[in-house]
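Here is a friendly walk through one protein model, from its packing to its charged pairs. Keep the sequence and the 3D view at hand as you read.

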Amino acid sequence: MNRAVVEAMSASGLTADGLAAQIGVDPKTAAKWANPGRIPQTRHRSKVAAVLGRDEGDLWPDLFKRREPAWFRPWTDIEREAVGLRWYESAVLPGLLQTEAYARAVLSSGLWADDDLEAHVETRLRRQAAVFDRPRPPLTVFVIDEAALRRGRPDIMTDQLDHLMALAERPSVMVHVLPLTAGFHPGQAGPFVIASTPDGGEVGYLDDQAAGRISNDVAPLWAVWDSVRSLALPRDLTIDLMRARAWMT
């Protein structure tokens, strides 16, 4: 249990039903906030803290221990609340699909300080849990360039490909590989994500060498997405390709 939330509810004389009524959510949603790792959506969090008479940092300390760069945090909030994610990646596997060993290898190849590496790996794993371990996970569709499957040490890639195939079998996770035989395509300009938000909106995220950026102009991203998605292999052939690649490692 999240003892801080349970104690705050008890001190306020509130049940899950009472808290839900004040916040304007389903009682089942409010009840989940007493579970470890369950954090209210951004638009509800400050109101919950106010109703319970506590600081957000007291109720959900892990929220304020995140080690990702400050410029990336707005995107993780969107990612955690999204009802749908469409992700194109060209050079490495998407962060949400990485094993711990693969994430460590990718992050250690960058500019992270040695003493921060494990914290960054842990943050990436928590991001995965926030998306995939929800009672109702969002629909996530990934298009991954085949080149990403060919990059990495064999001992790391064997487990990574097994993990990727297991995720690809989940009903809410669609993984599609864009084969090298597709040739040149618009996605070569760089990776991006399109998030569908609970209020029916859409937000894009684009990454580069310096920092990522959030964009509300998703029309150009949809044009590229439609192209790379049409060139990618269907789900069953993608799993077959990954299985063959895992055997080769």
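Is Arg-80 buried or exposed? Arg-80 is buried, because its relative accessible area is 18%, and buried here means under 20% relative accessible area, exposed over 50%, and partly exposed in between (1.4 Å probe, protein chains only).

## About the model

This is a predicted model, where local features need pLDDT of at least 70, side-chain atom pairs count only at pLDDT 80 or more, and totals for chains, interfaces and linings use all residues. Residues are numbered from 1 along each chain as its sequence is written, and side-chain values use heavy atoms, with hydrogens and water left out.

## Helix α6 and its charged pair

Let's stay with Arg-80 for a moment. Arg-80 and Asp-77 both lie in helix α6, 3 residues apart, which is about one turn of the helix. (Helices, H or I with at least four residues, are DSSP runs numbered from the N terminus.) Their side chains meet in a salt bridge, at 2.6 Å from N to O; the term stands for a side-chain nitrogen of Lys or Arg within 4 Å of a carboxyl oxygen of Asp or Glu. Asp-77 is buried too, with a relative accessible area of 17%.

The helix around this pair, α6 (residues 73-81), has 7 of its 9 residues buried, so it is largely enclosed by the rest of the structure. Among the buried ones are Trp-75, Ile-78 and Glu-81.

## Nonpolar cores

Trp-75 turns up again in the largest nonpolar core, which has 35 residues; Trp-75, Leu-85, Phe-142, Leu-149 and Met-242 have the most contacts inside it. Such a core is a set of buried Ala, Val, Leu, Ile, Met, Phe, Trp, Tyr and Cys residues joined through side-chain atoms within 4.5 Å. Helix α10 (residues 154-168) supplies the largest share of this core, 7 residues. Apart from it lies another core, of 16 residues, including Ala-8, Met-9, Leu-52 and Leu-59.

## Other salt bridges

The whole structure holds 7 salt bridges. In one of them, Arg-45 pairs with Glu-56, with the closest N and O atoms 3.2 Å apart. This pair links distant parts of the chain, with Arg-45 in helix α4 (residues 42-52) and Glu-56 in helix α5 (residues 56-59), 11 residues apart. Arg-45 counts as buried at 7% relative accessibility, whereas Glu-56 counts as partly exposed at 24%.

Arg-153 and Asp-155 form a salt bridge as well, their closest N and O atoms being 2.9 Å apart. Arg-153 is exposed, with a relative accessible area of 51%, and Asp-155 is partly exposed, at 49%.

Conventions:
Helix = DSSP H or I, 4+ residues; strand = E, 2+ residues; numbered from the N terminus.
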